[in-house]
Amino acid sequence: MKPLRYSINVTLDGCVHHEAGLAPDEESMRYWTDEMERADALLFGRTTYEMMESAWRQPATGAWPDWMREWETPFAETIDRTKKYVVSSTLNAVDWNAELVRGDLGPAVRRLKQEPGEGLFVGGVTLPLALADLGLIDEYVFVVQPVVAGHGPTLLAGLRERIQLELVDRHEFRSGVVAQRYRPTSRSST
């Protein structure tokens, strides 16, 4: 069974709003590109899918937008070409190399995990919470930003049961950002 990896930027006070941390730099974009390349497919909820598509889908012209720096292009190319699954009860159709996931979330994601491959990557806020509650996340990657946001959505807010994690890897960036990779060891009631 291929692993489901949840990766997200998080501030020191737990905020996971996509604009709360440090602006991406060349080193962090290289890291996120490598993370995306470890996945056979991306699993997004509607909000994250639409946000990522608006930022990283290659325009029909084939030319990347003027705002994109050269060192961001490998990330854009990677996310653009990667297969995507979108969990949504409101969208009728998706494109951008994507397909909708309908029905009961647990069985649907278990089926995706049983397909051959290296792994699935999930990002966002709401969908990962549901997947964590179902015990379906095999690896958590928290890219901790040296920022205190003071407000905004927080990491896995509302989780029903505590998840005990084991640190399996740690990477420090020149910017002060620290990527920490964890695997669940057990679940226990809070």
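Modeller: Pro24 counts as partly exposed, at 40% relative accessibility. Buried means under 20% relative accessible area, exposed over 50%, and partly exposed in between, with a 1.4 Å probe and protein chains only. This is a predicted model: local features need pLDDT of at least 70, side-chain atom pairs count only at pLDDT 80 or more, and totals for chains, interfaces and linings use all residues. Residues are numbered from 1 along each chain as its sequence is written, and side-chain values use heavy atoms, with hydrogens and water left out.

Biologist: Where does Pro24 lie?

Modeller: Helices (H or I, at least four residues) and strands (E, at least two) are DSSP runs, numbered from the N terminus. Pro24 is in the loop between strand 1 (4–11) and helix 1.

Biologist: Which residues is Pro24 in contact with, leaving aside neighbours within four places in sequence?

Modeller: Contact means heavy atoms within 4.5 Å. On that basis Pro24 is in contact with Met29, Arg69 and Trp71, its neighbours within four places in sequence being left aside. A C-alpha distance is another way to look at it: Pro24 and Glu72 are 48 residues apart in sequence and 9.0 Å apart in space, C-alpha to C-alpha.

Biologist: How is the span of helix 1 to be read?

Modeller: The expected span of a helix is 1.5 Å times one less than its number of residues. Helix 1 (residues 26–37) has twelve residues, and from first C-alpha to last it reaches 16 Å, close to the 16 Å expected.

Biologist: Which residues of helix 1 are buried?

Modeller: They are Glu27, Ser28, Met29, Tyr31, Trp32, Thr33, Glu35 and Met36. Thr33 has a relative accessible area of 7% and is therefore buried. Not counting residues up to four places away in sequence, Thr33 touches Pro74, Phe75 and Thr78.

Biologist: How many helices and strands does the chain have, and in what pattern?

Modeller: There are five helices and eight strands. Along the sequence the pattern is β-α-β-α-α-β-β-α-β-α-β-β-β. The radius of gyration is 16 Å, close to the 16 Å that the globule rule gives for 190 residues, so the chain is as compact as a globular protein of that length. That radius is taken over C-alpha atoms, and the rule is 2.2 Å times the number of residues to the power 0.38.

Biologist: What do burial and contacts come to for the chain?

Modeller: Buried residues make up 47% of the 190 residues. Among contacts between residues at least 6 apart in sequence, 71% join residues at least 24 apart.
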